[in-house]
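Student: I am new to this structure. Could we look at it together?

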Amino acid sequence: MNYQILFDVKEVLVALTYLVSAIFFVLGIKNLSKPKTAPRGNMLGATGMLLAFITAFIDFGIVIDVQGEAVLMQFQYWYILVIAIGLGAITGVWAALGVKMTGMPQMVAIFNGFGGGASLLVAGVYFGFELARSATLDLPMLVATVLSGLIGAVTFSGSFIAYGKLQGIRLVPDKPVTFTGDLALKFLLLIGLLVLGGIMVNTPDTTLWYWIIVVGGLVLGILLVIGIGGADMPVVISLLNSYSGLAAAATGFVLGNIVLIIAGSLVGASGIILTTIMCKAMNRSLRNVLFGGFGGAKTSSTGDDIYEGKITATSAEEIAMILESAQRVAIVPGYGMAVARAATPVRLLTEALEKNGVEVVFGIHPVAGRMPGHMNVLLAEENIPYDKLLDLDSINPTFPQTDVVIVLGANDVVNPLAREKDSEIAGMPILDVDKARTCVVIKRSLSPGFAGIPNPLFANENTLMYFGDGKSTMEDLIKAYKEL
Amino acid sequence: MTIIYLITIFAMAVFLGFELITKVPATLHTPLMSGSNAISGITIVGAVGVLLTQLSTGDVGILPFILGAIALFFATVNVVGGFVVSHRMLDKFRGRK
């Protein structure tokens with residue numbers, strides 16, 4: 001019996017089902033754009049993924065041989081698939097449920113890395129099949145294979161370095177690691193890998209080329225991310241997110257699979273937009289972030305001349321008294337709040353203030369924290385309604401009508417030097433906290449932020465410095481406020 | 001011809017992605033990133049593909065099969081972990097409102 005017609009029907013059905021999954025992804029991302037519909041968006045995405053996953057078994061599990069006979073997949077090694085999927089699912093759930101909200105950036109980084117790793121492996125294995133099957137290979141497919149291997153490898157190793165930096169693993173320093181000629185080395189490596197890719201496309205006779213490119217890509221990923229400072233991590237994570245999508249899309253070209261191309265390019269586009277937003281929020285170009293070695297490299301000025309005799313240190317009791325007469329309070333959190341795990345006392349203070357009829361809002365800078373939207377997640381975990389979390393443009397005009405601003409563990413994003421032309425952070429949009437009646441800065445010391453420059457805000461007349469650990473200072477403040 | 005068709009799909013999807021994501025507010029950037037990250041685990045389809053192709057043709061190579069299984073493991077971690085972690089975060093966002 002000839003199964004060709006049935007097989008053709010199967011092919012069409014599979015293609016249509018992949019299309020339906022792609023539509024689920026589009027709708028999922030669309031729903032993610034509003035807080036109300038976002039949980040549904042995530043579910044839609046997961047549904048699309050499940051559909052694509054099941055379809056893959058029909059797609060690749062039923063083939064016909066040269067005689068036109070239907071062949072079902074043999075089940076000889078099926079348990080290996082079950083083990084791989086089972087272990088993957090258990091690892092994924094365990095990691096996702098175990099991670100603290102403060103550890104979210106590194107979690108996303110590591111998931112990204114796994115995606116990139118999967119893409120490069122799939123493209124490599126498939127390239128091996130094609131080599132064994134036919135003598136002449138399709139040129140676009142070869143180019144896509146090279147790109148998949150290269151981008152996938154950079155994503156994989158880069159994500160692990162980003163993870164190490166964010167997790168605070170000692171082998172991977174938070175500060176940018178730079179050395180003489182590192183820029184030239186990265187550049188030469190990239191050129192070398194592209195040349196190698198050209199050779200592979202030109203004479204595809206062995207998979208060895210591919211795996212050499214992958215190893216080179218892994219080294220390149222390490223070099224690229226290790227040279228970037230911790231404060232620039234929001235940009236790096238966004239970029240790696242984009243790369244993982246592009247690697248998936250490239251693998252889609254290798255396999256000729258539409259759902260991989262659509263899903264991969266959606267993610268690629270999403271990552272690029274987030275990268276651009278992060279760069280804009282720091283008024284820096286992507287090139288400057290990637291190759292500038294900015295963020296802690298230079299600590300030229302200690303700021304003694306600026307701070308000398310102008311710092312007003314304060315106590316919990318004094319702040320509590322100022323808060324007592326306040327009508328409107330704005331809280332500006334930064335990475336320091338995440339490190340000190342001070343989100344809970346922030347919520348408690350907010351509740352205490354609101355009980356007394358004080359209006360409390362939060363000013364969130366786009367690059368506060370270590371990933372896009374990092375502060376929002378931490379505050380959301382404390383059940384602080386998202387309509388209290390204001391972005392730069394909405395909160396800045398309201399600072400002159402704000403009685404007290406509490407800056408908690410933020411530094412560069414409130415540095416008025418950004419308004420001056422010749423400063424290192426010139427032009428970076430900042431939160432105008434100095435325009436409020438009183439500005440309380442909670443910080444361990446006067447040490448500079450990631451930009452490595454002093455902050456004249458601390459020396460302002462209406463600025464009060466409250467030195468100490470974010471969590472214990474906030475707890476003392478709540479106590480003092482409640483005792484009034 | 002096929003490649004032109006695939007590139008067309010790619011270009012359209014990139015534009016669609018730009019259109020969809022420019023509208024996402026800053027509050028949701030982290031869940032968006034982890035959610036889209038999970039979607040990039042779509043390579044799971046490719047991983048299933050390279051494994052099943054070997055099983056259905058009966059031409060199983062040890063190394064390709066192991067590499068394929070590792071890819072399947074990686075992609076599953078990416079997909080499952082990504083969606084679960086986004087769900088956890090979005091649950092918080094529902095919060096009081």
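Tutor: A nonpolar core is a set of buried Ala, Val, Leu, Ile, Met, Phe, Trp, Tyr and Cys residues joined through C-beta atoms within 7 Å. Buried means that 20 or more other C-beta atoms lie within 10 Å of the residue's own, exposed that 12 or fewer do, and partly exposed in between, with C-beta atoms placed from the backbone. This is a predicted model: local features need pLDDT of at least 70, side-chain atom pairs count only at pLDDT 80 or more, and totals for chains, interfaces and linings use all residues. Residues are numbered from 1 along each chain as its sequence is written, while chains are lettered from A and ligands numbered from 1 in the order in which they are written.

Student: How many residues has the largest nonpolar core?

Tutor: That core has 197 residues, and those with the most contacts inside it include A:V332 and B:L72. Its largest share, 16 residues, comes from helix α4 (residues 62-94) of chain B; helices here are DSSP runs (H or I, at least four residues), numbered from the N terminus.

Student: Changing topic, which residues of α6(A) are buried?

Tutor: A:L193, A:G197 and A:M200 are buried. They lie on the same side of α6(A), because they cover an arc of only 60° around the axis, taken from the directions from the helix axis to the C-beta atoms.

Student: And what do they pack against?

Tutor: They pack against α5 (139-167) and α7 (208-226) of chain A, contact meaning C-beta atoms, placed from the backbone, within 7 Å. On the other side of α6(A), exposed residues include A:F187 and A:N202.

Student: How many residues of chain B are in contact with chain A?

Tutor: 80 residues of chain B are in contact with 100 residues of chain A. α4(B) gives the most to that side of chain B, with 30 residues.

Note on methods: Helices (H or I, at least four residues) and strands (E, at least two) are DSSP runs, numbered from the N terminus. Two residues are in contact if their C-beta atoms, placed from the backbone, lie within 7 Å.
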